[in-house]
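Hi,

Here is the structure I promised to pass on. Have a look at it first, and my notes follow below.

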Amino acid sequence: MKSYRKELTIRAKTRRAYINITSDVEAALAESGIREGLCLVNAMHITASVFINDNESGLHRDFERWLEKLAPEKPHEQYDHNGYEDNADAHLKRSVMGREVVVAVTNGKLDFGTWEQIFYGEFDGMRDKRVLIKVIGE
Ligand code: ZN
């Protein structure tokens with residue numbers, strides 16, 4: 001069995017962002033040379049998510065509004081976590097949107113459903129954050 005590891009560095013220009021990283025994951029898979037196996041992609045931070053959904057900007061605005069209803073950023077004082085930090089909402093949003101995805105690798109390609117794309121969800125951005133890609137198989 002082979003394995004391949006790669007980190008992406010992402011610096012969102014805004015506190016929250018939804019960034020399509022599908023082509024970066026496809027590039028890592030190509031570099032791995034693995035044809036059959038599994039591809040794991042996870043956020044390496046507890047205020048960011050990796051998730052699979054539709055590449056549709058209206059849906060991304062819907063995610064933003066829905067997450068702000070569930071865990072509004074402000075007022076910062078509403079959260080016990082916000083002593084030295086102001087990112088309690090980002091931890092909660094990350095918990096809802098998830099840490100990682102696993103995609104089957106078939107015949108050298110990510111074996112997606114029709115509309116599936118991989119997104120990095122940033123909830124406390126404007127600094128360098130890392131995403132781990134791990135491919136295992138043969
Ligand atoms: Zn925090």
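A quick definition to start: rings of Phe, Tyr and Trp (its six-membered ring) pair if their centres lie within 6.5 Å, and planes under 30 degrees apart count as stacked, over 60 as edge-to-face and the rest as tilted. On that basis, a search of the whole structure turns up four aromatic pairs.

Before the details, note that this is a predicted model, where local features need pLDDT of at least 70 and side-chain atom pairs count only at pLDDT 80 or more, while totals for chains, interfaces and linings use all residues. Residues are numbered from 1 along each chain as its sequence is written, and side-chain values use heavy atoms, with hydrogens and water left out.

Back to the rings. A search finds four aromatic pairs. In one of them, Tyr18 and Phe123 have ring centres 6.2 Å apart and planes at 70°, so they sit edge-to-face. Tyr18 is in strand E2 (residues 17-20) and Phe123 in the loop between strands E7 (117-122) and E8 (128-137), so this pair ties together parts 105 residues apart in sequence. (Strands, E, are DSSP runs of at least two residues, numbered from the N terminus.) Both Tyr18 and Phe123 are buried, meaning under 20% relative accessible area with a 1.4 Å probe, protein chains only.

Phe51 and Phe119 make a stacked pair, 5.7 Å centre to centre with 25° between the planes. Phe51 belongs to strand E4 (residues 48-53) and Phe119 to strand E7, 68 residues apart. Ring pairs join Tyr18, Phe51, Phe63, Phe119 and Phe123 into a cluster.

Cheers

How values were computed: Helices (H or I, at least four residues) and strands (E, at least two) are DSSP runs, numbered from the N terminus. Buried means under 20% relative accessible area, exposed over 50%, partly exposed in between (1.4 Å probe, protein chains only).
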